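Subject: Structure for you to look at

Hello,

Here is the structure I promised to pass on. Please open it beside this message, and my notes follow below.

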Amino acid sequence: MKWMLVLVLVGCGSAPPAPQHVDVPVFTPCVKTMSQRPAYEFDQLTPAATDGEIVLALARDWTRGRKYEMELEAVIAGCVLLGEKAER
């Protein structure tokens with residue numbers, strides 16, 4: 001019985017090791033979803049399309065292309081912001 005008391009007291013006499021904080025870099029993709037590439041009218045024109053049809057298709061595709069570019073730029077800007085925060 002005395003031995004058990006001695007063992008319990010010895011165990012209580014030492015302090016537990018202090019917790020350590022270790023930063024481990026882990027790869028996480030910053031792009032969760034990708035914007036769908038629009039179906040451009042110009043890509044669907046036949047080789048026999050007239051100049052007027054080509055110009056009209058390009059004019060209609062311009063707004064689709066700008067919207068797609070803005071979505072991609074927003075994704076890239078988000079990745080850049082995440083990268084800057086990770087460097088701090």
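Let me start with Ser 35, which touches Tyr 68 and Glu 71 when residues up to four places away in sequence are not counted; contact here means heavy atoms within 4.5 Å. Ser 35 sits in the loop between α1 and α2. Along the sequence Ser 35 and Glu 71 are 36 residues apart, yet their C-alpha atoms are 6.9 Å apart in space. The two side chains also make a polar contact at 3.2 Å. That term stands for a pair of N or O atoms within 3.5 Å, where within protein one must be able to donate a hydrogen and the other to accept it, and residues adjacent in sequence count only if both atoms are side-chain atoms.

A word on the model before I go on. It is predicted, so local features need pLDDT of at least 70 and side-chain atom pairs count only at pLDDT 80 or more, while totals for chains, interfaces and linings use all residues. Residues are numbered from 1 along each chain as its sequence is written, and side-chain values use heavy atoms, with hydrogens and water left out.

Now the overall picture. The protein has two helices and zero strands, both kinds being DSSP runs numbered from the N terminus (helices are H or I with at least four residues, strands E with at least two). Of its 88 residues, 9% count as buried; buried means under 20% relative accessible area, exposed over 50%, and partly exposed in between, with a 1.4 Å probe and protein chains only. The accessible surface is about 8300 Å², and carbon and sulfur atoms account for 66% of it. These areas come from the Shrake-Rupley method with a 1.4 Å probe, and for residues only the protein chains shown count as cover.

What about charged pairs: how many salt bridges does the structure hold? There are four, each defined as a side-chain nitrogen of Lys or Arg within 4 Å of a carboxyl oxygen of Asp or Glu. Glu 41 pairs with Arg 60 at 3.0 Å, N to O. This pair links distant parts of the chain, since Glu 41 is in the loop between α1 and α2 and Arg 60 in helix α2, 19 residues apart. Glu 41 also forms a salt bridge with Arg 64, with the closest N and O atoms 3.5 Å apart. Because Arg 64 lies in helix α2 and Glu 41 in the loop, this second pair ties together parts that are 23 residues apart in sequence. Glu 41 is partly exposed at 23% relative accessibility, as is Arg 64 at 32%. Together with Asp 61, the residues Glu 41, Arg 60 and Arg 64 are linked in a network of salt bridges.

Finally, Val 22, Val 24 and Val 26 form a nonpolar surface patch with about 320 Å² of accessible area together. Patches are made of residues with over 30% relative accessible area and no salt bridge, joining like charges within 9 Å and nonpolar side chains (Val, Leu, Ile, Met, Phe, Trp, Tyr) within 5 Å. Val 22 is in the loop between α1 (2-13) and α2 (51-87) and is exposed at 58%.

Best wishes
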